[in-house]
Amino acid sequence: MQSLHIFYIIDKMKTRILLLLAAFFGFIGLFGWVSPVSAQAMDKVGMHVLHPQEFTKVAQLYGEVRNDKDDPIYVTIPFSLSDIDKLSQWQAAFNIAKSENIVPLVRLSTKMNAEAGGWERPSRHDIVQLSQALNHLKWPQSKRHVIIFNEPNHAGEWGGEIDAESFAEMTEFTLDWLKTEDKNYVLLPAALDLAAANTATTQEAFGYWRRALAHRPEIINKIDAWNSHSYPNPGFMSSPTRNGQNSMRGYQTELTFIKNYTDKQLPVFITETGWLDRFSAYRLQANYDYALKNIWSDERVVAVTPFVLAGAPGPFAEFSFVNENGEPTRHWSALADSLRKYQQQLITKR
C-alpha cells in the first residue's frame with residue numbers, strides 16, 4: 001500500500017509539471033518571444049522605385065540592414081510601353097535582382113498623353129505588346145509578379161476618364177492573356193486610391209470596385225493576390241495607430257469588402273505606403289517601429305514597398321528615401337534604424 005501511495009504522489013507531480021510546462025509554452029505562443037508571423041515582418045519590407053537602374057541602390061541600402069542575403073527584397077517598379085525598347089537595361093536590372101534576391105513587382109503602364117491629361121487608357125494591343133516584352137526577359141525568380149495598371153479611380157490614370165467598366169474589361173483580358181502564357185505569373189489588380197473622393201476626376205474606391213465587379217464579377221476569382229495602397233491619410237500624415245479605409249490598415253478594409261465577391265483568401269502586397277517628411281526624426285522612426293510591429297507583421301501581408309526610393313527633385317521629394325545626389329534622406333535613416341531595432345529585438349527575445 002505504501003509503495004502504491006508513493007507512485008500515486010509521483011504521478012500527480014508529473015501531471016502538475018506537464019501542466020505547468022504546457023501553460024508556460026502556451027504563454028510564449030500567445031505573447032510570443034519570436035512568433036512565426038512577427039519574425040517574418042522584417043523580410044517583407046522593400047521599396048518602390050521608378051527606374052530599373054535603381055535596383056543597385058536598393059541592394060546597397062538593404063545590404064546595410066539585411067540579416068541574410070537569402071532574405072527577399074520586394075521592389076515595385078512600373079513597366080511602360082516605352083520600356084519595350086529598353087529591354088537590355090531591364091535584363092541588367094533583373095540580373096542584379098537575381099544576385100541580390102530582389103523580387104520585382106512589375107506594374108504595367110502605357111504612356112503619358114498631355115491631351116488626355118495623364119496616362120493613356122490601355123488597349124488590347126498594348127497589353128499584348130507589354131506581355132511579349134516581359135516574356136523576353138529572364139526573370140530573377142520562377143514566380144513573375146505583375147500588377148495590372150495603377151489607381152484607375154483617378155481619371156488621369158485611365159485616359160482622362162473614370163470608366164470602371166472598361167477597367168474591368170481590360171483587367172480581365174490581361175488576366176486571361178497572361179495566364180495563357182504559362183510563365184508562372186502571379187497577377188495582382190491595380191491598387192486604387194483609398195482616399196479619393198467622388199469628384200469630376202476621381203471616384204471613391206469601393207464605389208469604383210462595385211461598378212467594375214458588377215460588370216466583370218469573375219475577375220476577382222482570377223487574380224492571385226491583392227494589391228493595396230495603404231497610406232496614412234489624410235494628407236499622408238496621420239498616425240499609424242489609426243484604423244479604417246484611409247489608414248495604414250486600409251488593406252484590411254479592402255479584404256473585408258472583397259469577401260462579398262469571393263471566398264478566396266488572397267495574400268496582400270502593399271505596393272505603396274509612406275509618410276511625408278514633415279515629422280521629427282524621432283517621430284518618423286516611431287511610426288516605422290509601430291508599422292513593423294503591429295501592421296506589416298500581419299500574416300496576410302507578403303510584401304510592403306514604401307513609396308518612393310528617388311523622387312527628388314520633383315513632386316515626390318518629400319517621400320524620397322534618397323535625395324537627388326543619391327544620399328540617404330531622413331526617411332531611409334528612420335526606416336533603417338527601425339529595421340535594425342526590430343531585428344535586434346527578435347535576436348534578444350530568442
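## Two strands side by side

Two strands count as paired if DSSP finds at least two bridges between them. Helices (H or I, at least four residues) and strands (E, at least two) are DSSP runs, numbered from the N terminus.

A few ground rules before we go on. This is a predicted model, in which local features need pLDDT of at least 70 and side-chain atom pairs count only at pLDDT 80 or more, while totals for chains, interfaces and linings use all residues. Residues are numbered from 1 along each chain as its sequence is written, and side-chain values use heavy atoms, with hydrogens and water left out.

## The protein overall

The protein has 11 helices and 10 strands. Of its 350 residues, 49% are buried (buried means under 20% relative accessible area, exposed over 50%, partly exposed in between, with a 1.4 Å probe and protein chains only). Now take the contacts between residues at least 6 apart in sequence: 76% of them join residues at least 24 apart. Contact here means heavy atoms within 4.5 Å.

## The five-stranded sheet

E2 and E3 belong to an open sheet of 5 strands, in the order E1-E2-E3-E6-E7, with parallel pairing. Strand E1 (47–48) and strand E7 (185–189) stand at the edges with a single partner strand each, so one side of each has no neighbour in the sheet.

Is E7 mostly covered or mostly uncovered? It is mostly covered, with 5 of its 5 residues buried. Tyr185, Leu187 and Pro189 are buried on one side, and Val186 and Leu188 are buried on the other. E7 pairs with E6 in the parallel sense over 5 bridges, and the bridge partner of valine 146 in E7 is leucine 187.

## From E6 to E7

E6, helix H6 (residues 164–180) and E7 make a right-handed β-α-β unit. Right-handed means that, with the strands pointing away from the viewer, the path from the first strand over the helix to the second runs clockwise. The loops here hold two residues to look at. In the loop between E6 and H6 you'll find glutamate 151, a residue other than glycine with a positive phi, near 40°. Aspartate 182, in the loop between H6 and E7, also has a positive phi, near 55°. Glutamate 151 counts as buried at 13% relative accessibility, whereas aspartate 182 counts as exposed at 69%.

Arginine 144 sits in strand E6 (residues 144–148). Arginine 144 is buried yet has no salt bridge, and the nearest side chain of opposite charge, glutamate 181, is 7.8 Å away. A salt bridge needs a side-chain nitrogen of Lys or Arg within 4 Å of a carboxyl oxygen of Asp or Glu; Lys and Arg count as positive and Asp and Glu as negative, with His and the chain ends not counted. Leaving out residues up to four places away in sequence, arginine 144 touches several others, including Leu134, Trp139, Lys183 and Tyr185.

## A buried phenylalanine

Phenylalanine 55 is in helix H3 (residues 55–63), and it is buried, with a relative accessible area of 0%. Phenylalanine 55 and leucine 309 are 254 residues apart in sequence, but 9.8 Å apart in space, C-alpha to C-alpha.

## Toward the end of the chain

In helix H9 (residues 250–258), Gly250, Tyr251, Glu254, Leu255, Phe257 and Ile258 are buried. They cover an arc of only 160° around the axis, so they are on the same side of H9; the arc is that of the directions from the helix axis to the C-beta atoms. The buried residues of H9 pack against helix H7 (205–215), helix H8 (219–222), strand E8 (226–229), E9 and E10.

Strands E9 (residues 268–272) and E10 (residues 301–304) pair in the parallel sense over 3 bridges. The chain goes from E9 through helix H10 (residues 281–294) to E10 in a right-handed β-α-β crossover.

Where are the cis peptide bonds? One runs from asparagine 233 to proline 234, with omega near 10°, and proline 234 is in the loop between E8 and H9. Another joins phenylalanine 307 and valine 308, with omega about 5°; valine 308 lies in the loop between E10 and helix H11 (330–349).
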